[in-house]
Amino acid sequence: MREKYNYRIAFLSSFDPNNRKILSGVSYNVLKMLKLHFESVEVLGPVKNRKLLKGYLNRISRKLPKRYNIDHSLFISYLYARQFKRLLKGKTYDFIFAPRASTEIALLKTSIPIVYYSDATFDNIYGYYEWFSNFMSVSVREGNYIENLALKRASICIFTSKWASDSAISKYDVNPEKVHLLPFGPNISNIPAKSAINAHKDNDTCKLLFLGVEWERKGGKIAFDAFQELKNRGLKTTLTICGCQPPDTIRDKDMVVIPFLDKNKPDEY
């Protein structure tokens with residue numbers, strides 16, 4: 001059995017990281033790996049009444065001329081900081097691990113070192129997705145301010161790509177020495193053994209799997225076009241789409257669609 005590192009870690013999250021549906025299971029699997037390698041990992045969260053509060057604020061924001069991003073608002077950040085400060089009171093940790101938690105740590109005052117882990121900065125994704133665009137100017141300022149505070153407050157900033165780490169350094173002027181790269185691992189518990197994979201090499205069918213909950217954003221059309229191209233070249237090919245429902249125009253007799261699955265349910269997982 002592997003020897004664990006003797007550190008006491010606080011896993012900080014406003015969500016419930018034990019819920020595999022949250023962030024496609026990223027937090028769940030990161031927490032699992034930390035518990036595998038460290039002696040003590042204690043979860044701080046989820047934040048009480050988070051859904052109720054956000055629902056109330058979202059109803060108010062819908063009446064505004066432009067969108068106000070509640071997730072990166074100073075008000076929410078202040079409420080997060082209050083709750084996490086209470087949870088940290090009287091506790092001793094070697095460091096706080098905060099995945100995708102810029103709003104949660106931005107206003108949190110603590111002497112405990114913070115390790116911030118994310119796949120993007122606010123600047124990275126603002127305007128990158130349609131659902132993360134066209135915010136009120138005050139909301140954009142707050143989003144960048146919160147990201148900047150979180151990055152400066154963290155002792156170590158870990159990003160999953162150079163795209164994100166470059167943004168932290170160039171846009172938010174983070175010291176490059178505290179920025180590190182570490183990609184997310186696969187959000188699955190059981191990876192097939194090499195022997196099991198090799199057993200399919202002589203199969204006369206090329207079986208493709210598209211796995212994602214958002215067809216457009218995750219590149220579903222690319223998977224379908226590749227599937228069609230292989231068939232046009234005479235290769236016997238099937239495509240299984242899992243996690244979402246593609247548009248009605250995406251149809252083929254060699255295609256199977258398995259809509260959204262709940263990974264918290266063993267049979268569906």
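1. The partner strands here are S7 and S8 (residues 237-242), which run parallel and are joined by 6 bridges. Two strands count as paired if DSSP finds at least two bridges between them. As background, strands of a sheet pair through backbone hydrogen bonds, either parallel or antiparallel.2. Before going further: this is a predicted model, in which local features need pLDDT of at least 70 and side-chain atom pairs count only at pLDDT 80 or more, while totals for chains, interfaces and linings use all residues. Residues are numbered from 1 along each chain as its sequence is written, and side-chain values use heavy atoms, with hydrogens and water left out.

2. Back to S7 and S8. Together with S9 they form an open sheet of 3 strands in the order S7-S8-S9, with parallel pairing. S7 (206-211) and S9 (255-258) are the edge strands, each with a single partner, so one side of each has no neighbour in the sheet. From one strand to the next, the twist averages 15°. Helix H9 (residues 220-232) lies across S7, S8 and S9 and runs at about 165° to S8. For such angles, axes are lines fitted to C-alpha atoms (for helices, over the stretch in contact), and the angle runs from 0 to 180 degrees between N-to-C directions.

3. Now zoom out. The protein has 9 helices and 9 strands; these are DSSP runs numbered from the N terminus, with at least four residues (H or I) for a helix and at least two (E) for a strand. Of its 269 residues, 39% count as buried. Buried means under 20% relative accessible area, exposed means over 50%, and partly exposed is in between (1.4 Å probe, protein chains only). Among contacts (heavy atoms within 4.5 Å) between residues at least 6 apart in sequence, 64% join residues at least 24 apart.

4. What is the strand order in the open sheet of 6 strands? Reading across, it goes S2-S1-S3-S4-S5-S6, and the pairing is parallel. S2 (38-44) and S6 (179-181) stand at the edges with a single partner strand each, so one side of each is left without a neighbour in the sheet. Neighbouring strands of this sheet are turned by 25° against each other on average, direction ignored.

5. Take the S1 side of that sheet next. S1 (residues 5-12) pairs with S3 (residues 95-99) over 3 bridges in the parallel sense, and Ile 9 stands opposite Phe 95 in S3. Helix H1 (residues 26-37) lies across S1, S2, S3 and S4 (114-118), at about 145° to S2.

6. S4 deserves a careful look. How many of its residues are buried? The count is 5 of 5. Both faces are covered, with Ile 114, Tyr 116 and Ser 118 on one side and Val 115 and Tyr 117 on the other. On the S3 side, 4 bridges join the two parallel strands, and Pro 99 stands opposite Tyr 117. S4 and S5 also pair in the parallel sense over 4 bridges, with Val 115 opposite Ile 156.

7. Two helices pass a simple length check. The expected span is 1.5 Å times one less than the number of residues. For the 15 residues of H3 (residues 74-88) that gives 21 Å, and the end C-alpha atoms are 21 Å apart, which agrees.

8. In H3 they include Ile 76, Tyr 80 and Phe 84, and in H6 they include Val 140, Ile 146 and Leu 149. The cover over the buried residues of H6 includes H3, S4, S5 (156-159) and H7 (162-170). Just after H3, Gly 90 takes a positive phi of about 80°.

9. Pro 65 sits in the loop between H2 (50-61) and H3. At 80% relative accessibility it counts as exposed. Its C-alpha atom is 8.1 Å from that of Met 136, although the two are 71 residues apart along the chain.

10. Finally, the aromatics: there are 19 aromatic pairs. Rings of Phe, Tyr and Trp (its six-membered ring) pair if their centres lie within 6.5 Å; planes under 30 degrees apart are stacked, over 60 edge-to-face, and the rest tilted. Tyr 126 and Phe 135 make a tilted pair, 5.2 Å centre to centre with 45° between the planes.
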